[in-house]
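Have a look at the sequence and the model, and then we'll go pair by pair.

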Amino acid sequence: MLPAGFRNVLLLASSLLFAGLSAVPQSFSPSLRIGPGAACRLSRAESERRCRAPGQPPGGALCHGRGRCDCGVCICHVSEPGVYFGPLCECHEWVCETYDGSTCAGTCHCGRCKCDNSDGNGLVYGKFCECDDRECIDDETEEICGGHGKCYCGNCYCEAGWHGDKCEFQCDITPWESKRRCTSPDGKICSNRGICVCGECSCHDVDPTGDWGDIHGDTCECDERDCRAVYDRYSDDFCSGHGQCNCGRCDCKVGWYGKKCEHPNSCPLSAEESIKKCQGSSDLPCSGRGKCECGKCTCYPPGDRRVYGRTCECDNRRCEDLDGVICGGHGTCSCGRCVCEKGWFGKLCQHPRKCNMTEEQSKSLCESADGILCSGKGSCHCGKCICSAEEWYISGEFCDCDDRDCDKHDGLICTGNGICSCGNCECWDGWNGNACEIWLGTEYP
């Protein structure tokens, strides 16, 4: 019986041997060297050619900059066993990113998801293999979307005159008549707030509970959200609580006026003067984070001391990352901006000024899937991308995301109630909706 410590040593040795073998190309032959310590039978140029990725010009990085070339064979860095592997050290990390709590819907290979398309039809795809167009195949006809539409990520988009989950039903009216019935007074199909199905508009329901939505009307022309100062599906604060909402327009009670009945007649300021006073240096009253009444701001949500200032200009939630850590634990927040401790920098103090990596190691961690450093939209520092400050909307681990893709409400990305994460709004506690415009907290904001 072997001692436990000795068994552990054997296991470590075998794992390192496996990692080393995975770095050897299939074409490798031990005969390239006559014996241990003997000269390589390949020329230097040929040796380096075998260690470069296909298409790389002479002088390009060997072994993807993650190992050394030894007689045409890549020996990957083993300072961190298992981090780099593959015939040309092209693989980084063993595991794939997660999607909906699980590691890709396919097979994780070389740190990327490989989708299961054994039949060769390519119907399963996506970064996480999350799209399965087999869901669009009609059981009777065995055609995608019944042959009357196109499939995108498992959902059918039907041609004019057809409807149903798999475009299996045909309308009893012509496409022209269907379009005419769905055209709103402003000439848009369902007011751009719904979809037209056989001459009837199905309005987008922004209420996550599935109850009667705030967009309604024969052609979805009514949007009750226009009556709310801060969109809150679960309160009676239509028209600031001082009026009645009729098809997206406020009819104010006596003593109140304004687009959202936000201005009292008793206020010595005019509505324009009140709004201007609440704007300060912002383009929106109360910086889009509060309610303006007679030139004074009430910041939302009440009781949350992270949002403050005369015009609600300070929002300390902006100092938090997706996990709620303030300034990366390396600084303090002042009026929505991080003041970093010595030795740290970045919007959230996430970058150390000193780096223990070599330049090659750092750059290898900043390469995006296509091999370009930070997607060509930023610089690399200590293995992390710093996206160009000139293009405020560029973000993401490899500067491959566009924050302009995030939904807006009241002119603000994520309504100012969340963080834009690679085109999707990650809402702060208490907020919901595609643009974090819906308050679901315990207290009314």
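## Cys245 and its partner

Cys245 is buried, with a relative accessible area of 9% (buried means under 20% relative accessible area, exposed means over 50%, and partly exposed is in between, using a 1.4 Å probe and protein chains only). Its partner is Cys227: the two form a disulfide, with sulfur atoms 2.0 Å apart (a disulfide here is a pair of cysteine sulfur atoms within 2.5 Å). Cys227 is buried as well, at 0% relative accessibility.

The torsion about the S-S bond is 75 degrees for Cys227 and Cys245, and the link is right-handed. This pair connects distant parts of the chain, 18 residues apart: Cys245 sits in strand E19 (243-246), while Cys227 is in the loop between strand E18 (222-223) and strand E19. Those labels come from DSSP runs numbered from the N terminus, with helices (H or I) of at least four residues and strands (E) of at least two.

## Where the model comes from

Keep in mind that this is a predicted model, where local features need pLDDT of at least 70, side-chain atom pairs count only at pLDDT 80 or more, and totals for chains, interfaces and linings use all residues. Residues are numbered from 1 along each chain as its sequence is written, and side-chain values use heavy atoms, with hydrogens and water left out.

## A helix tied to a strand

How many disulfides does the structure hold? There are 32, and another one of them joins Cys366 and Cys380, with sulfur atoms 2.1 Å apart. About the S-S bond, the link of Cys366 and Cys380 shows 70 degrees, and it is right-handed. Here the pair links distant parts of the chain, 14 residues apart, with Cys366 in helix H5 (residues 359-366) and Cys380 in strand E31 (residues 378-381).

So are these two cysteines buried or exposed? Cys366 is buried, with a relative accessible area of 0%, whereas Cys380 is partly exposed at 23%.

## A left-handed link

Now try Cys131 and Cys153, joined by a disulfide with an S to S distance of 2.0 Å. Why is this one called left-handed? Because the torsion about the S-S bond of Cys131 and Cys153 is about -80 degrees. Cys131 lies in strand E10 (residues 131-132) and Cys153 in the loop between strand E11 (149-152) and strand E12 (155-158), so the bond ties together parts that are 22 residues apart in sequence.

Cys131 counts as buried at 6% relative accessibility. Cys153, with a relative accessible area of 25%, is partly exposed.
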